[in-house]
Amino acid sequence: MLGSAGVVKKAADDNIVRFESVGLRYGFGPEVLQDVTFALAERSFHFLTGESGAGKSSLLKLLYLALKPTRGVVTLFGRDVTSIPRAALPALRRQVGVVFQEFRLLAHLSTFDNVALPLRIGGVRESEVSRNVAELLAWVGLKDQMKARPSTLSGGQQQRVSIARAVIGRPKLLLADEPTGNVDDRMALRLMHLFEELNRLGTTVVIATHNVSLVERLGHGRLHLDGGRLSLGAPASPPRESGDRGAIIDARGEQPAPPAAQATAREWILKGVP
Ligand SMILES: Nc1ncnc2c1ncn2[C@@H]1O[C@H](COP(=O)(O)OP(=O)(O)OP(=O)(O)O)[C@@H](O)[C@H]1O
Ligand SMILES: [Mg+2]
């Protein structure tokens with residue numbers, strides 16, 4: 001009995017997210033998500049596609065526990081979200097990195113301090129915070145903006161701060177809502193490689209995007225929303241070899257970082273908040 005329960009539990013735990021016949025409506029409005037059913041395996045990488053208004057951000061809000069479903073069941077890390085006590089929510093949310101469509105940076109903090117926040121909350125030593133944040137900001141091209149406040153940054157720069165803040169703690173689940181909507185194609189590819197690297201190190205990744213060419217170029221699984229209804233797609237093209245996916249590729253077309261620099265770029269992820 002115990003043994004079989006253990007097996008069942010193990011099987012359920014392999015899915016980091018599970019939606020069963022989920023419906024969502026705002027107030028008394030129409031259902032914006034209808035009968036959405038899917039599961040995400042641990043360490044998987046999915047794009048979430050669909051036209052404007054299809055429900056992508058709404059689905060992500062359910063995943064980062066900003067909303068509860070109006071019907072059906074959402075399970076996160078093996079727990080039904082409707083039964084999670086309020087007091088347990090902050091700890092659960094810390095395991096989820098979010099890149100918000102509208103960035104949501106803290107206006108009174110510098111770029112550096114915004115990105116350092118998850119590490120500081122996690123109690124990481126300040127010397128390590130400094131090293132990791134500086135290295136990641138350099139990698140996303142914001143070395144010269146570390147002291148800047150969000151209001152003085154361009155949209156694309158704010159977006160990169162938001163991405164750095166979401167990935168620095170190496171969350172179990174990374175949700176990104178249009179994370180490349182404000183940057184050029186080369187930077188978009190560079191940022192996607194950052195997400196792939198995080199995924200290679202064990203994070204489950206879901207990226208909502210309109211960028212069809214990137215989706216097709218990178219492959220990966222696809223969740224597609226059409227008027228609030230979900231369909232699942234195979235990768236648009238076969239994912240690249242794992243060795244290739246692991247590499248940090250310089251999308252600006254410059255010389256890739258030397259191996260030592262690449263190793264340390266990985267280290268910040270490895271040494272993120274446990
Ligand atoms: N706070 C809200 N109150 C009422 N309706 C909302 C709210 N947020 C979203 N909606 C509605 O839910 C539907 C899905 O919106 P959602 O923002 O999830 O779409 P989306 O796929 O993320 O679109 P986009 O690509 O433009 O970001 C839309 O019809 C929208 O009007
Ligand atoms: Mg949206």
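Which residues surround ligand 1?

## Ligand 1

Ligand 1 is surrounded by Y26, G29, V32, G50, S52, G53, A54, G55, K56, S57, S58 and Q101. A residue counts as near a molecule or strand if its C-beta atom, placed from the backbone, lies within 6 Å of it. By class, this shell has 3 nonpolar, 8 polar and 1 charged residues. Here Ala, Val, Leu, Ile, Met, Phe, Trp, Tyr, Cys and Pro count as nonpolar, Asp, Glu, Lys and Arg as charged, and the others, Gly among them, as polar. Helix α2 (residues 56–63) gives the largest share of the shell around ligand 1, with 3 residues.

## Model and overall make-up

This is a predicted model, in which local features need pLDDT of at least 70, side-chain atom pairs count only at pLDDT 80 or more, and totals for chains, interfaces and linings use all residues. Residues are numbered from 1 along each chain as its sequence is written, while chains are lettered from A and ligands numbered from 1 in the order in which they are written.

The secondary structure of the chain comes to 10 helices and 10 strands. Helices (H or I, at least four residues) and strands (E, at least two) are DSSP runs, numbered from the N terminus. Of the 274 residues of the chain, 36% count as buried. A residue is buried if 20 or more other C-beta atoms lie within 10 Å of its own, exposed if 12 or fewer, and partly exposed in between, with C-beta atoms placed from the backbone. Among contacts between residues at least 6 apart in sequence, 68% join residues at least 24 apart. Two residues are in contact if their C-beta atoms, placed from the backbone, lie within 7 Å.

## The open sheet and D80

An open sheet is formed by 4 strands in the order β2-β1-β4-β5, with antiparallel pairing. β2 (31–41) and β5 stand at its edges with a single partner strand each, so one side of each has no neighbour in the sheet. Two strands pair if DSSP finds at least two bridges between them. Strand β1 (residues 15–25) pairs with strand β4 (residues 71–76) in the antiparallel sense over 5 bridges.

D80 lies in strand β5 (residues 79–80). D80 is exposed, because 12 other C-beta atoms lie within 10 Å. Leaving aside neighbours within four places in sequence, D80 is in contact with V73 and T75. D80 and R18 are 62 residues apart in sequence, and their C-alpha atoms are 9.1 Å apart in space.

Helix α6 (residues 155–167) has 13 residues, which at 1.5 Å a residue should span 18 Å; its end C-alpha atoms are 19 Å apart, which agrees. The expected span is 1.5 Å times one less than the number of residues in the helix. In α6, 11 of the 13 residues are buried, so the helix is largely enclosed by the rest of the structure. These buried residues pack against β6 (96–99), α4 (111–121), α5 (126–139), β7 (173–177) and α7 (185–200).

In α4, the buried residues are T111, F112, N114, V115, A116, P118 and L119. They pack against α5 and α6. Just after α4, G123 takes a positive phi of about 80°.

## The nonpolar core

The largest nonpolar core has 63 residues, and those with the most contacts inside it are V115, A164, L174, L175 and F195. α7 gives the most to this core, with 7 residues. Such a core is a set of buried Ala, Val, Leu, Ile, Met, Phe, Trp, Tyr and Cys residues joined through C-beta atoms within 7 Å. Apart from neighbours within four places in sequence, L174 is in contact with G97, A166, V167, F195, L198, T203 and V205.

## Hairpin and loops

Strand β9 (residues 221–226) and strand β10 (residues 229–233) pair in the antiparallel sense over 5 bridges. L223 stands opposite L232 in β10. The hairpin has 2 residues between the strands, and G227 takes a positive phi near 55°.

Most residues other than glycine have a negative phi. R104, not a glycine, has a positive phi of about 55°. R104 is in the loop between β6 and α4, and it is partly exposed, with 14 other C-beta atoms within 10 Å. R170 also is a residue other than glycine with a positive phi, near 45°. R170 is in the loop between α6 and β7, and it is buried, with 22 other C-beta atoms within 10 Å.
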